[in-house]
Amino acid sequence: MGLWDVINKDVKAENENKRVIVTLRILYIVGIIAFILDLCFAGIEVIRVFPYRIIGFLVGNLILFVLTYFLKTLPSLILFMMYFFAWTLLMIPCFGWSAGMQNYFIIILMLCFFAAHGKPRFKFMLAIFVLAIRIMTIGLFGGMKSLVAIDQVSDKLLQITNISAVFLSIILISYRFSQRENEEEDKLMKYNDRLKKEASTDQLTGLFNRRKAEECLSTIEKSKDFPSGSIAMGDIDFFKKVNDTYGHDAGDEVLKFVADTMVSNCPEDSIVSRWGGEEFLIIFPNVNGDDAFIILEKLRHKIKKDEIRVKGDIIKITMTFGLTEYGFNSDIETAIKEADNKLYHGKENGRNQVVY
């Protein structure tokens with residue numbers, strides 16, 4: 001079992017906040033490492049002058065760390081705060097004010113908001129309590145020199161050690177308690193994106209549905225980027241016969257085949273949508289009618305030539321298209337009706353053609 005497995009082990013009590021407990025364990029480890037480094041930099045004289053205090057806090061750290069595996073979240077949090085209050089206040093005389101022990105109050109302050117459960121008023125009251133003790137600390141110990149001789153280099157190292165431990169603890173607390181929120185927010189954004197996509201996409205073919213197509217048309221009508229273009233309405237010929245002969249599953253495969261073929265054979269900026277049933281709407285922004293006609297003719301020939309294989313059956317289909325242009329002064333709705341009328345005309349006059 002690795003170190004992280006030990007730290008990340010769940011508490012025995014049920015329904016406890018594992019995130020808080022694991023965070024406290026890591027903070028205990030950060031604190032003990034900083035404490036040992038402080039002792040190394042300050043020298044053996046500190047241990048000689050304050051043996052019971054030093055040993056007491058080292059043992060206390062170990063005991064409280066172990067207790068996190070057995071106690072509930074709130075007692076563990078309270079004991080942690082009491083330990084660091086006492087440790088900060090009693091270590092300032094050992095290492096001096098300049099060592100920066102008082103900065104550990106920031107860790108307690110952050111835990112008041114991130115780890116302590118309760119209403120905002122309760123959390124603010126805890127924060128005010130921490131501030132009061134911090135101010136009291138200035139009155140009692142502000143500018144105090146260490147009771148043992150510590151040279152200037154060691155004093156700088158003590159400052160670096162403690163401020164690094166505080167910064168590391170702040171990063172840890174911020175990460176641990178924002179990670180889930182960030183994950184949940186990311187999940188929510190993905191879920192919203194999926195819902196948005198589902199609301200605008202035809203589930204069978206993956207094309208834009210009619211609602212999304214109408215939004216695109218409205219955008220085009222208002223936009224100056226697409227002052228002209230072409231609109232085509234397409235319909236699968238004798239689609240009902242396909243369903244009656246081969247079944248609705250085969251009909252679905254035909255619709256998907258048509259959708260894929262149109263997307264792969266139309267320009268990239270084209271908007272291909274399933275308008276309803278076996279009817280499709282294609283928008284060609286900034287493409288004139290003549291060029292759009294050429295594109296549709298190639299598309300029509302490909303659809304006619306290709307075979308659709310469904311469960312051993314070979315299905316061949318054709319499509320009819322109605323095509324019209326829209327320009328600066330055109331009304332999009334009128335252009336759609338005109339394309340639909342041309343489609344109807346093609347269906348009435350032999351099918352398998354592009355009417356322009």
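In β3, V272 finds its bridge partner in I282. The model is a predicted one, in which local features need pLDDT of at least 70 and side-chain atom pairs count only at pLDDT 80 or more, while totals for chains, interfaces and linings use all residues. Residues are numbered from 1 along each chain as its sequence is written, and side-chain values use heavy atoms, with hydrogens and water left out.

The pair V272 and I282 belongs to the antiparallel pairing of β2 with strand β3 (residues 279–285), which extends over 5 bridges. Strands count as paired if DSSP finds at least two bridges between them; the elements themselves are DSSP runs numbered from the N terminus, helices being H or I of at least four residues and strands E of at least two. β2 and β3 form part of an open sheet of 5 strands in the order β2-β3-β1-β6-β7, with mixed pairing. The edge strands, β2 (271–276) and β7 (354–355), each pair on one side only.

Two helices lie across this sheet. Helix α12 (residues 289–305) lies across β1 (229–236), β3, β6 (319–326) and β7, and runs at about 170° to β6. Helix α13 (residues 332–348) lies across β1, β2, β3, β6 and β7, at about 150° to β6. Such angles run from 0 to 180 degrees between N-to-C directions, with axes fitted to C-alpha atoms, for helices over the stretch in contact; contact means heavy atoms within 4.5 Å.

Helix α10 (residues 239–246) has F239, V242 and N243 as buried residues, buried meaning under 20% relative accessible area, exposed over 50% and partly exposed in between, with a 1.4 Å probe and protein chains only. The three lie on the same side of α10 because they cover an arc of only 95° around the axis, the arc being that of the directions from the helix axis to the C-beta atoms. Their cover includes β1, α11 (248–265) and β5 (313–315). The face turned away carries the exposed K240, K241 and D244. Just after α10, G247 takes a positive phi of about 100°.

The largest nonpolar core has 53 residues, and F35, V46, W87, M91, F95, Y104 and L111 have the most contacts inside it. A nonpolar core is a set of buried Ala, Val, Leu, Ile, Met, Phe, Trp, Tyr and Cys residues joined through side-chain atoms within 4.5 Å. α2 gives the most to this core, with 12 residues. Beyond its neighbours within four places in sequence, W87 is in contact with F35, F57, M101 and Y104. A second, separate core of 31 residues includes F239, F257, V310 and M319.
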